[in-house]
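Student: I have a structure to work through before the group meeting. Can we take it feature by feature?

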Amino acid sequence: MDRNASTLPDDSRVTELPRPLPSAPVVVSVCVNCKAADGAVVGPAMLDAVTAALDERDVAVMVRPVQCLSVCKRPTTVAVTSQDGYTFLFGDLVTDTGPDAVASFVQSYQKSDYGLVPWRERADVLRKGMVARVPPLRWSPEDGRAPK
Ligand code: FES
């Protein structure tokens, strides 16, 4: 006999499990030591621009300066992470296009299971600038596949 909702008593119905959304706060780390090819330090301008773009969208997020994300050959670099979410690391970002792309990405990140933002929701500059995607600790299937 099939068991479905109509044959189960009300108190035994399976309730939907909570979605594995990343826990707050989402943290955006911007390298303030990044230098352009001509030697000019470009990280602080990116930090200001990313902060402004997130403020404009009223996104609840923590933005912090960091001194090097070890992707120095691809300035400027930005990481997006949270305690229970994926960590994404991007390089080659410029202030014209990077900050809005990051702000949009953070909004998607907050709505995505484990913070795994679908490819279609990532701006072109982030697709091209992707350096690393590291799964969260709390999600670790034996075969290593990403959640669907
Ligand atoms: S100086 Fe920016 S990643 Fe190293």
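Student: Where does Asp58 lie?
Tutor: This is a predicted model. Just after α1, Asp58 takes a positive phi of about 55°. Its place is the loop between α1 and β2.

Student: Is Tyr114 buried or exposed?
Tutor: The cut-off for burial is 20 or more other C-beta atoms within 10 Å. Tyr114 has 20 of them, so Tyr114 is buried.

Student: Which two residues does a cis peptide bond join?
Tutor: Most peptide bonds are trans. Here omega is about -10°, which goes with a cis bond. The bond joins Pro75 and Thr76.

Student: Which residues does Cys31 contact, leaving aside its neighbours within four places in sequence?
Tutor: Start with its place: Cys31 lies in strand β1. Cys31 is buried because 26 other C-beta atoms lie within 10 Å. Its contacts are Gly43, Val66, Cys68, Leu69, Thr76 and Thr77.

Student: How many Å apart are Cys31 and Val78 in space?
Tutor: In sequence, 47 residues separate Cys31 and Val78. Val78 is in β3, as the bridge partner of Val30. From C-alpha to C-alpha, Cys31 and Val78 are 6.3 Å apart.

Student: In which sense do β1 and β3 pair?
Tutor: Strands of a sheet pair through backbone hydrogen bonds, either parallel or antiparallel. Val30 and Val78 are bridge partners here. β1 and β3 share four bridges, and the sense is antiparallel.

Student: And β1 with β2: in which sense do they pair, and what is the hand of the crossover?
Tutor: β1 and β2 have five bridges, in the parallel sense. Val28 stands opposite Val63 in β2. The chain passes from β1 through α1 to β2, and this β-α-β crossover is right-handed.

Student: What is the strand order of the open sheet, and which are the edge strands?
Tutor: The sheet has five strands with mixed pairing. Its order is β2-β1-β3-β4-β5. Each edge strand pairs on one side only; they are β2 and β5 (130-134).

Student: How much is the twist from one strand to the next?
Tutor: The value is an average over the sheet's steps from strand to strand. It comes to 15°.

Student: Which elements do the buried residues of α1 pack against?
Tutor: α1 has 14 residues and reaches 20 Å, close to the 20 Å expected. Its buried residues are Gly43, Met46, Leu47, Ala49, Val50, Ala53 and Leu54. α1 lies across β1, β2 and β3, at about 155° to β1. Its buried residues pack against β1, β2, β3 and α2.

Student: What angle does the direction of α2 make with that of β3?
Tutor: Return to the β1 and β3 pair, with its four bridges. α2 packs on the sheet, touching β1 and β3, and the angle with β3 is about 10°.

Student: Which residues touch the most other members of the largest nonpolar core?
Tutor: In soluble globular proteins, nonpolar side chains tend to be buried together. This core has 34 residues, and those with the most touches are Val28, Val50, Val102 and Val106. β1 (27-31), α1 (43-56), β3 (78-81), β4 (87-90) and α2 (98-111) each supply at least two residues of the core. Again, the four names are Val28, Val50, Val102 and Val106.

Student: Which residues does Val106 touch, not counting those up to four places away in sequence?
Tutor: Val106 is one of the core's 34 residues. It touches Val26, Val28, Leu54, Val59, Val61 and Val80.

Student: What pattern does the chain follow along the sequence?
Tutor: The chain has three helices and five strands. Of its 148 residues, 32% count as buried. Read along the sequence, the pattern is β-α-β-β-β-α-α-β.

Definitions and conventions: Residues are numbered from 1 along each chain as its sequence is written. This is a predicted model: local features need pLDDT of at least 70, side-chain atom pairs count only at pLDDT 80 or more; totals for chains, interfaces and linings use all residues. A nonpolar core is a set of buried Ala, Val, Leu, Ile, Met, Phe, Trp, Tyr and Cys residues joined through C-beta atoms within 7 Å. A residue is buried if 20 or more other C-beta atoms lie within 10 Å of its own, exposed if 12 or fewer, and partly exposed in between; C-beta atoms are placed from the backbone. Two residues are in contact if their C-beta atoms, placed from the backbone, lie within 7 Å. Two strands pair if DSSP finds at least two bridges between them. A crossover is right-handed if, with the strands pointing away from the viewer, the path from the first strand over the helix to the second runs clockwise. The expected span of a helix is 1.5 Å times one less than its number of residues. Axes are lines fitted to C-alpha atoms, for helices over the stretch in contact, and angles run from 0 to 180 degrees between N-to-C directions.
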